[in-house]
Amino acid sequence: MLIVPRLDLMIAYSCNISCAGCISLSDFKRNGIAPYDDIKSWIDIWSTKLQPQVVAIFGGEPCLHPGLIEICLYVRQQWPTCKIRLITNGYLLDNFDSDAFFNIKNFEIQVSVHRKDHESIINDKIKKILLHRKSWKVNQIGGEHHKQIEWVNEDLTIYKSIFKDFVIPYRLDNKTIVGWNSDPAESHKICGSPSTPILFKGKLYKCPPVANIIDIAKHAHMNYTGYDVNDDLSLFVDNIGKPESVCSFCPEQQHNNVINHLDIANVQIKQKNFS
Ligand SMILES: C[S@@+](CC[C@H](N)C(=O)[O-])C[C@H]1O[C@@H](n2cnc3c(N)ncnc32)[C@H](O)[C@@H]1O
Ligand code: SF4
């Protein structure tokens, strides 16, 4: 069994918002969710090979998946010792019975705040969950760290998180996604997802941008095809957190391909009603 620090699990391709430069390409046309039975079979297969310390439930927006809680419980069953982290923009958290979040155990919710002007909407969604338990320890986190504040309970941790700079993981040539032909070590230095492999449609990829770009632009990433369960995974695991040739697709510092995510012009809301 190969131990990996974190494995993202892509359960929804669509998102209710569209952020310029998103690592999951939410600003392109993305539709649908991964069928629950497919997700179960991917977990069945990969849980015989990998032991992630953290499984991050990822998208798109994972709260668009009606089977979110069942998926978390299945991850818990097949990887009993991992931490499960739901990564969400928070708008749809109240689609689910809050009590269910406390039953997953060793569970945390990372709420990404994308629009400062919507922070009170997101705070209300978090409050609805907090009301389900009495004892929370609140930690304010200062400095430049993306984590801003966290609420900790024995069964659940919730934290708000905000990222300012989005490195756009591709180049557009006449609306076509192409690579930068960078020095991999240089692009990896400024990378927005330098050490997060992802389980995407049954295969393993180095990071969310590589998986999502291959999904929508097919051959854009040249020879990189992802890893199947019968491939030699030791190389894949060794390369986590390190630059590889596929990183030449992404920009280096000098390409200045960074977007200010705090500028609300870069965050479009697709779903109008959040109440
Ligand atoms: C791709 S989103 C998917 C999950 C969910 N929809 C959300 O908003 O959290 C996961 C995280 O990636 C961050 N992110 C997206 N694109 C990024 C980029 N280019 N650089 C750094 N972080 C990025 C988002 O701010 C969010 O916290
Ligand atoms: S390909 Fe490399 S540099 Fe680009 S996002 Fe993935 S890990 Fe980062």
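Reader: What makes β1 and β3 a pair?

Author: Strand β1 (residues 2–12) and strand β3 (residues 50–59) are joined in the parallel sense by nine bridges. Two strands pair if DSSP finds at least two bridges between them, and strands themselves are DSSP runs of E, at least two residues, numbered from the N terminus. One of the partners is Gln51 in β3, bridged to Ile3. This is a predicted model, in which local features need pLDDT of at least 70, side-chain atom pairs count only at pLDDT 80 or more, and totals for chains, interfaces and linings use all residues. Residues are numbered from 1 along each chain as its sequence is written, while chains are lettered from A and ligands numbered from 1 in the order in which they are written.

Reader: How do you know that β1 also pairs with β12?

Author: Two bridges join β1 to β12 (residues 198–200), in parallel, and at least two are required. Asp8 has Ile198 of β12 as its bridge partner.

Reader: How do you know that Val55 touches Leu7?

Author: Contact means C-beta atoms, placed from the backbone, within 7 Å. Leaving out residues up to four places away in sequence, the residues that Val55 touches include Leu7, Leu9 and Trp79.

Reader: Why are eight residues around ligand 1 called nonpolar?

Author: Ala, Val, Leu, Ile, Met, Phe, Trp, Tyr, Cys and Pro count as nonpolar, Asp, Glu, Lys and Arg as charged, and the others, Gly among them, as polar. By that rule, the shell divides into eight nonpolar, eight polar and one charged.

How values were computed
Helix = DSSP H or I, 4+ residues; strand = E, 2+ residues; numbered from the N terminus. Contact = placed C-beta atoms within 7 Å.
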